[in-house]
Amino acid sequence: MPNSENAPVASAALDAEADWEARYQAGSTRWDRGGPSPSLERWMEVTALQPGARIVVPGCGFGHEVPALAGRGFHVVGLDVAPTPVRQLRREVSQAGLEAEVVQADMLAWQPETPADGVYEQTSLCALPPDQWPAYEHQLHAWLRPGGELFACFMQTGREGGPPFHCALPDMRALFTSDHWEWRDDVGRTDHTNGKYEQLYRLLRR
Ligand SMILES: C[S@@+](CC[C@H](N)C(=O)[O-])C[C@H]1O[C@@H](n2cnc3c(N)ncnc32)[C@H](O)[C@@H]1O
């Protein structure tokens, strides 16, 4: 018998899959940079993680950061709800002769087999409706080992609605609370061509 408590989560996941897959099918992927974001380089400059660490990249899309991290010797799991980018990323990883796990799953339900050392959060939180943000924050906390790093790229759109939804910093402080997270570094910003930008922070899981 289906668990009725899980029904809304399952239905939201199906909606998200259909919605995002339709964007990929239509080629409507303006967020995609065609290569790793400069934000990743910024994280690599400040991270305490060493090659061999386990990193999750949720909502990875075409996931250019996944092979980039795998090439540096990290154990990477890329995660996305839409089948098209997952297929493409698997192909790309394999053609590059790299090893990385690419999973098609709802990030609000998925759990790693082993706690992660790091999470690279880029344009994933801002893709979710804000009423799902507390559940996502709960997931990020659950995925990471104590002391694990969350590298968060908080999208700044300065406008109502989305996706992408504006991740105002006071709202982020209220979401990533000090009992769950130690806010370590404000490490700058990454600009987008359309006037939006991401504010970069390194947080440690308590
Ligand atoms: C704006 S795109 C960003 C993709 C990638 N992070 C990038 O920067 O190019 C948001 C991604 O989140 C994925 N996504 C949305 N809701 C999701 C969910 N519930 N679980 C997993 N992935 C999801 C979408 O399929 C999409 O690939």
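**Reading strands, cores and a helix end**

A: Let's begin with a pairing: strand β1 (residues 54-58) runs parallel to β4, and 2 bridges join the two. Please keep in mind that this is a predicted model.

Q: How many bridges does β4 make with strand β5?

A: β4 pairs with strand β5 (residues 144-156) over 6 bridges, again in the parallel sense. As one example to find on screen, Glu 121 has Ala 152 as its bridge partner in β5.

Q: What unit do β4, helix α5 and β5 make?

A: Follow the chain from strand to helix to strand, and look at the handedness of the path. β4, helix α5 (residues 133-143) and β5 form a β-α-β unit that is right-handed.

Q: Is β4 mostly covered or exposed?

A: Count its buried residues, meaning those under 20% relative accessible area. In β4 (residues 116-122), 7 of its 7 residues are buried, so the strand is mostly covered.

Q: How should I read the largest nonpolar core, and which residues touch the most other members?

A: In soluble globular proteins, nonpolar side chains tend to be buried together. In this model the largest nonpolar core has 31 residues, and those touching the most other members are Leu 125, Trp 143, Leu 150, Phe 154, Met 172 and Phe 176. Elements that each supply at least two residues of this core include β2 (75-80), α6 (169-175) and β7 (197-205). β5 gives the most, with 5 residues. Apart from this core lies another, of 22 residues, including Cys 60 and Val 93.

Q: What is Trp 143 in contact with, beyond its neighbours within four places in sequence?

A: Setting those neighbours aside is a handy way to see what a fold brings together. For Trp 143, the contacts include Val 56, Leu 79, Trp 110, Val 119 and Tyr 136.

Q: Which residues of helix α4 are buried?

A: Pro 83, Thr 84, Pro 85, Val 86, Leu 89 and Val 93 are the buried ones. The helix (residues 83-95) reaches 18 Å from its first C-alpha to its last, close to the 18 Å expected at 1.5 Å a residue.

Q: Where is Gly 97 found, and is Gly 97 buried or exposed?

A: Gly 97 is in the loop between α4 and β3 (101-104), and takes a positive phi of about 70°. Its relative accessible area is 63%, so Gly 97 is exposed.

Technical notes: Residues are numbered from 1 along each chain as its sequence is written. This is a predicted model: local features need pLDDT of at least 70, side-chain atom pairs count only at pLDDT 80 or more; totals for chains, interfaces and linings use all residues. Side-chain values use heavy atoms; hydrogens and water are left out. Buried means under 20% relative accessible area, exposed over 50%, partly exposed in between (1.4 Å probe, protein chains only). Helices (H or I, at least four residues) and strands (E, at least two) are DSSP runs, numbered from the N terminus. Two strands pair if DSSP finds at least two bridges between them. A crossover is right-handed if, with the strands pointing away from the viewer, the path from the first strand over the helix to the second runs clockwise. A nonpolar core is a set of buried Ala, Val, Leu, Ile, Met, Phe, Trp, Tyr and Cys residues joined through side-chain atoms within 4.5 Å. Contact means heavy atoms within 4.5 Å. The expected span of a helix is 1.5 Å times one less than its number of residues.
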